[in-house]
Amino acid sequence: MPLDEPPKFLQAAGEMAECIRGHDWSRHPLGPPAQWPPALQQALRSMLATRHPALVLWGPASFCFYNDGYRDLVGPDRHPSVLGLPGAQAWPESWPRIGAQVQTVLAGGPSTWHENEPVPLLRDGRVQESFWTYSHTPLFDDQAPHGVGGVLVLCANTTAAVQSQQRLAAANSHWARLFENAPAFIAILKGPEHVYEFVNQRYMTFTGRSQFVGRKLADALPETVAQGYARILDEVYATGVAATAHGSEFRASSPDAPYQQQFFDFVFQPIADEHGRTAGIMVMGIDVTSHKRAEAELELSEERLRLAIEAGDIGLWDVDPRSHTLYWPPRVQRLFGITTERPVTLHDFHAGLHPDDRQATLEAFDSAMDPARRSVYDVEYRTVGLDDGMLRWVAARGRGFFNEQGECIRGIGVALDITERKRRESQLHELAATLQQRVSQSLAERKLLADIVDGTAAMVHILDMDFNWLAVNPAGAREFRRAYDVDARVGDNMLAVLSHQPEHQQEVRTMWSRALAGERFTEIAPFGDLNRHRRYYEVHFDALRDEQGRQIGAYQFVYDVTERLHEQERLALAESAVRQSQKMDAIGQLTGGIAHDFNNLLQAISANLELIRRVGRADERVVNYAGKGIEVTRRAARLTSQLLTFSRRQALETRPVPVCDVLLRMHDLLRTTFGPAVALSVDVPAQPLWVMGDRTQLETAVLNLAINARDAMREGGRFQLSVRPVQEPGAGSGLPPGAYVELRAADTGCGMPPEVAAKAFDPFFTTKEVGSGTGLGLSQVYGLATGLGGAARLDSAPARGTTVVLTLPACEPPSDDAADAQADLPPVRRAATLLVVDDEEAVRQVVAESLEAAGYVVLQAGNGHEALALLDSHAVDAALVDFAMPGMSGAVVAREAMAKRPNLPVSLMSGYSDSSAIQQAVGAGVGMLRKPFTLDELEACIGALLQREAAG
């Protein structure tokens, strides 16, 4: 019964005090509250007075008492029903864990503390995992066993905080795995000294080292300072602006791996702190060295494609589904009966389809172009000639190409005229359709069967229910003899004649048993003895029935489809070649663009370094540092020249080249290439020798010879370069007597057998492992020699080394006539006004500052419209215009400027360095200054322009 007058310890305010007072304790083991032990009364009085969630578990049964703070944690599933219940009954899901802790304290053990402990609790009708921070404090009672009457539990629900920490830890782990497994190499640097904080495995593989974290960039990778990467990082850290480097060479000086030329795309991304200041830099890079190997693959793929198309009599087709444009070569136009030369559209394709084949063909095409299905377009259909009205059969195969957004951007494939094949198939199918009826009517007269099938090229076999031949035509008998080396005769048993060939006997039994069981089917497979040439056949089986419809045997109708399958293989090869050709073309365009942009960057870098060298003449160290930087930019300029040559954006130039000087200057590079295991000697005569050629290509040829020799001398050896003048070329060179320079490269390597030496100069021929060489080194050497009117020959044998001899036409050294003529020209006016036009601000600014330092008055324009406006408002003596500008190009600016001012001298600046293209775009009389140029070249160009103005 509820108490009329609650004891003093239950007179506290609050819901739980009210619940305890109103609870019927008369039948409870503890009895009425007034009889409760004093220790329990005192504990409840303290518990009800605090707002902190608290729970009292009293006695060996752990009867439950709790306050208002704990009530909200109990939840509606239990409150107030657990009041006074034993702990095991109140909390059955969590008591196996909590109860043991409580019993330890009741037995006189110490207080316990549990932080973020997982505790299963019943919530919303199901047991859920939650996390709690709680303590168990003994409630002392002298009358209780061990002196402890109960346990005070103070607790807090930390589920939300623990789950938040778990999610954060999972997120951090996720990002760490992403960085570690990223396809690019990644490093994170902190502070102005660029201390490594993180590197992934790819970064360590790329650099050939593993000790980074905690070390400064200059200590961990000292080569980055000389190669300019430390300067880029300093600039990014100072400005907070991200930087990129495309196609940039990095030379890791790892002692564990030989030097390999590699190129990369870099991104230097600043990392800001909570105040927005730059705190570090993330460096990401991707290896783009494979782009360098694309040039050779392009030429090979183009040749293969041409041969495949010509050999297979195949026509190409190319569709842009977005613009509905269509490309057909004449060969495909003829398949659609188009006899006139005119552009075609998808409408011509639709209109030329036979009405009965139109829907299926277009559905197959739409399925191939659909981003969701992306099926292979492989169909055979009829066309009705749009001009000649003729009916033709076409086999077409192709597929769609999709961008990153899943949009179909192109459909490409091949087409083949199969009209004649279809005509033959039609005849054979007609024969197959009527064969059963004819055999039934003429089974008694074998002569009639012979008249029907003996003259056809189709192979026909007819068996009774016991595998005995009822009939076989000559074509079938001949092919059976060729395939199995046994004869097929009427009356013989097919299984018996193949008894000595159990594998073929089982093959025949399996297929004929299906037909003799009444099945009608078609199979395409190879048949015959494995030791003979196996061909592919299309075999049609059907049951043979008499006039009453009873099955009396089976027959097969066969034709050879080997050539048709080969045609399908050729179609697939042609499709692959088309894809490779397009990929190589795209790489060439990308390479040309990167090289052009890189020339602009090199121009700004080179000119600034030259200004530094000039301004800092008083400090020898500044001059030395600037000189080294200029030399690096010159080497980079040679690299971009090679990239432009690869992309067909620059024509190579021939001029007198000092051969002896080239070899001597390459000595250090060759020494580095070979390493200490190879002895290197370069022998040149005292008198200079000159050949008419391209210096860069000659250096590349010598380096290719050295690399081949190095790979042939794995255990060390000797490499000798020598040069001498000759009047009589070597035997077999095919050159007439005359003045030549002979360059000889000899090694003591493994040598080549005769069959390898015979192919050594062939493009793409290599004996190296995949990924170790393209097969273009010696073909470049041969192409250089023959392209200059000379010859190349090779002498090699196994274990005897290899000698390559280049015979190049000699020429006279360049004359000084041009310098004399230059001295006769009028002097340059230093106070002249010049107009500099370039959309690249860094290039434009450094060129203007250089000319102003030389005494000129300089006007600047960032585009063609600004330049033409300055011409209208200022007296300009000469103009220097960038060739490749967005919007109004340099060629247009030059033409309009000379139209306004007919006598205005103009020179164009170009990163493509193709003088013929500039002369075509503008016309004669316009100069060209190739980027990157030196300040001396700039001043010489301006001087020439002003002298031309004075002379004119």
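The model is predicted, so local features need pLDDT of at least 70, side-chain atom pairs count only at pLDDT 80 or more, and totals for chains, interfaces and linings use all residues. Residues are numbered from 1 along each chain as its sequence is written, and side-chain values use heavy atoms, with hydrogens and water left out.

## The chain as a whole

The secondary structure of the protein chain comes to 32 helices and 32 strands. Helices (H or I, at least four residues) and strands (E, at least two) are DSSP runs, numbered from the N terminus. The chain has 952 residues, and 46% of them count as buried. Buried means under 20% relative accessible area, exposed means over 50%, and partly exposed lies in between, with a 1.4 Å probe and protein chains only. Contact means heavy atoms within 4.5 Å. Among contacts between residues at least 6 apart in sequence, 56% join residues at least 24 apart.

## The sheet of E1 to E5

Two strands pair if DSSP finds at least two bridges between them. An open sheet of 5 strands has the order E2-E1-E5-E4-E3, with antiparallel pairing. Its edge strands are E2 (63-66) and E3 (112-123), each of which pairs on one side only. Neighbouring strands of this sheet are turned by 35° against each other on average, direction ignored. Axes are lines fitted to C-alpha atoms, for helices over the stretch in contact, and angles run from 0 to 180 degrees between N-to-C directions.

Strand E3 is joined to strand E4 (residues 126-140) by 10 bridges. Within E4, Ser135 stands opposite Trp113. Helix H2 (residues 38-49) lies across E1 (54-58), E2 and E4, and runs at about 170° to E1.

Pro145 is found in the loop between E4 and strand E5 (148-157). Is Pro145 buried or exposed? Pro145 counts as exposed because its relative accessibility is 59%. Pro145 and Leu106 are 39 residues apart in sequence, and their C-alpha atoms are 8.2 Å apart in space.

## Strands E6 to E10

Strand E10 (residues 278-287) pairs with strand E6 (residues 185-190) through 6 bridges, and the two run antiparallel. Here Ala187 stands opposite Val283 in E10. Strand E9 (residues 263-272) also pairs with E10 in the antiparallel sense, over 9 bridges, and Asp265 stands opposite Ile286 in E10. E9 and E10 form a hairpin with 5 residues between them, and Gly276 in the turn has a positive phi of about 85°.

Ala245 counts as buried because its relative accessible area is 12%. Leaving aside neighbours within four places in sequence, Ala245 is in contact with Phe264, Asp265, Phe266 and Phe268. Ala245 and Val267 are 22 residues apart in sequence and 6.6 Å apart in space, C-alpha to C-alpha. Ser248 is buried, with a relative accessible area of 12%. Apart from neighbours within four places in sequence, its contacts are Tyr229, Gln262, Phe263, Phe264 and Phe266.

## The sheet of E11 to E15

Another open sheet has 5 strands in the order E12-E11-E15-E14-E13, and its pairing is antiparallel. The edge strands, each pairing on one side only, are E12 (325-327) and E13 (377-384). The twist averages 25° from one strand to the next. Strand E13 pairs with strand E14 (residues 391-402) over 8 bridges, and the bridge partner of Tyr381 in E14 is Val394. Helix H14 (residues 355-369) packs on the sheet and touches E11 (315-320), E13, E14 and E15, with its direction at about 145° to that of E13.

| Strand pair | Bridges |
|---|---|
| E3 and E4 | 10 bridges |
| E6 and E10 | 6 bridges |
| E9 and E10 | 9 bridges |
| E13 and E14 | 8 bridges |

## The second largest pocket

On a 1 Å grid over the protein atoms alone, a pocket is an open set of points where a 1.4 Å probe fits, with protein on both sides within 12 Å along at least five of seven lines; lining residues have an atom within 4 Å of a point. Grid points are joined across faces, edges and corners, and a volume is the space filled by probe spheres set on the points.

The second largest pocket holds about 560 Å³ of space. Its lining has 25 residues, of which Arg421, Arg424, Glu425, Tyr559 and Asp560 lie nearest the centre. E15 (408-417), H15 (419-442), E20 (551-560) and H20 (562-615) each supply at least two lining residues. The largest share, 7 residues, comes from H15. By class, the lining has 9 nonpolar, 4 polar and 12 charged residues. Ala, Val, Leu, Ile, Met, Phe, Trp, Tyr, Cys and Pro count as nonpolar, Asp, Glu, Lys and Arg as charged, and the others, Gly among them, as polar.
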